[in-house]
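Subject: A structure to look at, with notes

Dear colleague,

Please find below the structure that I promised to hand over, followed by my notes on what was found in it.

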Amino acid sequence: MTDETTPAADTGETDDAADRLQEAQTIAYPSSYSGRQRKAPEHDPTVVVLFGATGDLSRRKLLCGLGYLAVSGLGPDIRVIGTSLDEMDDAQFREFARTAIDDVGARKLTPEQWAEFEPDLSYVNTTAGPEALARAVAEKERELGADKGVRVRRLFYLSVPPKAATTVIDTLAKAGLTEGSRVIMEKPFGEDLESALALNAEVHKTFREKQIFRIDHFLGKEAAQNILAFRFANGLFEPIWNRNFIDHVQIDIPESLGLDARAAFYEPTGAYKDMVVTHLFQVMAFVAMEPPTALEPRAISEEKNKVFRSLEPIHPDDVVRGQYSGYRQEKGVDPESDTETFIALKARIDNWRWAGVPFYLRTGKKLAQGMRIISIAFKEAPKSMFPAGSGIGQQGPDHLTFDLADESKVSLSFYGKRPGPGMRLEKLSMQFSTEETDRADDVLEAYERLILDAMHGDHTLFTTAEGIESLWERSIPLLDDPPPVKLYEPGSWGPNSIHQLIAPNAWRLPFERNWRD
């Protein structure tokens, strides 16, 4: 019998041919969900072990998402084992989960749905050790039919600080739980190239790359995936998605919230490591990637990684770092901290499609609004036949804008004639939102979709080791010589120097025209 902690043993995949067949199948989600009888029989039942089960992410997103997947009929039969350092029994953990779903969950469960989900929840204290966890998993696998020949999957969600990830993985290896398993890892994946290489090497001692799902919840959003549909399914947009027609691209993800009691994590991390490497660059790859050979995980991952390999090193002269006034007075923050709570940068992709097209990225804490937009600015007409005073060119270029909020809005702005005498032009727009369709209720919350994809073994929306390492490598100039932080006032859009960074263009946020209600 092979050592299940050795990569050469192909750990975690007991039937590769069956896995590949399952991953290649198109998942047909039902349009309405009425309970467990709707679960597709081809999906293996799964034991989900949630590390950090009493933490903030689990309380706000994960328990609610798992509850919805358990009662919606979208996924397999599941059992959820929570584990953390808090002293709890099964009943207390179930009460914790119900309170979390009722208080902050995006989807509320009816009393009937909760009665269906509640028995699926159990708890093991982390301090009980690997043997106790192994016993709990074995018990839940028997409930799902493992003793009757049913193949039961294991999915481990590591909702723990990055430094604790290797400890958790070591626990799983000691418990003998790696075979037939998949593991979801939260960001950040290292803090520079050296640490990313070390982390990947450590994880690969126990898990093969195809078992690892490095999560970026931005890519789980409906609107982020809609970029692929817009680009590759429409003859209107695909031919103009290049340097000949696109002037620049903005990916703008300001946050109105502050630290939210996360100083211990944020102070050594900052906006660039927290948001840009793990979120904004990933979204940028969806915008910039070449057409994949097929809409399947391996092909899409390879095209994303090509974008990362083509990304030019991030030069400090192309970066504005900011820190909001009052940050150094926050609890747990160094009074002389140089940590950035804001960052804006210009990125360049050195390939045939995007040569000369700048990508402007911005994110930060305590800004004027919390939004998530991608804005594609098209080049203006080379010559105008319209008379002076017509308004042409006065309101900037045409834009295609994706709003990554749950409503999944898309807007295309253009010049049109104002009704009345003469030739007076003004900006008009065509807008779309999933809320306007009869399938609005089918939209999955980002964590729901990504957990479901991990259950199915679908890596399409996850990040690879190669991709992460490429991004850290291109970050070396900035990390080695970061420009000094500049103060900005809470409620603003960042330091004033961001306007010089993007000149002669302008930031799309704040919007001059609001989304249509």
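I begin with a pair of helices, where Phe281, Gln282, Met284, Ala285, Phe286 and Ala288 in α10 meet Lys304, Val307 and Phe308 in α11. Contact here means heavy atoms within 4.5 Å, while helices (H or I, at least four residues) and strands (E, at least two) are DSSP runs, numbered from the N terminus. The residues of this contact between α10 and α11 divide into 7 nonpolar, 1 polar and 1 charged, where Ala, Val, Leu, Ile, Met, Phe, Trp, Tyr, Cys and Pro count as nonpolar, Asp, Glu, Lys and Arg as charged, and the others, Gly among them, as polar. The axes of α10 (residues 270-288) and α11 (residues 297-310) come within 9 Å and cross at roughly 110°, which makes α10 roughly perpendicular to α11. Axes are lines fitted to C-alpha atoms, for helices over the stretch in contact, and angles run from 0 to 180 degrees between N-to-C directions; angles under 35 degrees count as roughly parallel, over 145 as roughly antiparallel, 65 to 115 as roughly perpendicular and the rest as oblique.

Before going further, please note that this is a predicted model, in which local features need pLDDT of at least 70 and side-chain atom pairs count only at pLDDT 80 or more, whereas totals for chains, interfaces and linings use all residues. Residues are numbered from 1 along each chain as its sequence is written, and side-chain values use heavy atoms, with hydrogens and water left out.

As for the whole protein, there are 15 helices and 15 strands, and of its 517 residues 55% count as buried. Buried means under 20% relative accessible area, exposed over 50%, and partly exposed in between (1.4 Å probe, protein chains only). Among the contacts with a separation of 6 or more, residues 24 or more positions apart account for 77%.

On the α2 side the contact is made by Arg59, Arg60, Leu63 and Cys64, and on the α3 side by Phe93, Phe96, Ala97, Ala100, Ile101 and Val104. These residues divide into 8 nonpolar, no polar and 2 charged.

Now to the interior. A nonpolar core is a set of buried Ala, Val, Leu, Ile, Met, Phe, Trp, Tyr and Cys residues joined through side-chain atoms within 4.5 Å. The largest such core has 135 residues, of which Phe117, Leu158, Phe281, Phe359 and Leu400 touch the most other members, and α10 gives the most to this core, with 13 residues. Apart from it lies another core, of 5 residues, among them Met371, Ile373, Leu509 and Phe511. In soluble globular proteins, nonpolar side chains tend to be buried together.

Which strand holds Val249? Val249 is found in strand β7 (residues 246-254), and it counts as buried because its relative accessibility is 0%. Leaving aside neighbours within four places in sequence, Val249 is in contact with Val287, Pro358, Phe359, Tyr360, Ser375 and Ile376. The C-alpha atoms of Val249 and Ile374 are separated by 7.4 Å, although the two residues are 125 residues apart along the chain.

In helix α8 (residues 222-233) you will find Asn226, which counts as buried because its relative accessibility is 19%. Lys108, by contrast, sits in the loop between α3 (90-104) and α4 (111-117) and counts as partly exposed, because its relative accessibility is 45%. Not counting residues up to four places away in sequence, Lys108 touches Ile101, Asp102, Asp103 and Gln113.

Finally, some details of the backbone. The peptide bond from Lys187 to Pro188 is cis, with omega near 0°, and Pro188 is found in the loop between β5 (181-185) and α7 (193-204). The bond from Leu509 to Pro510 is cis too, with omega near 5°, and Pro510 is in the segment after α15 (498-502). Lys366, in the loop between β10 (358-364) and β11 (373-378), has phi near 55°, a positive value in a residue other than glycine.

With best wishes
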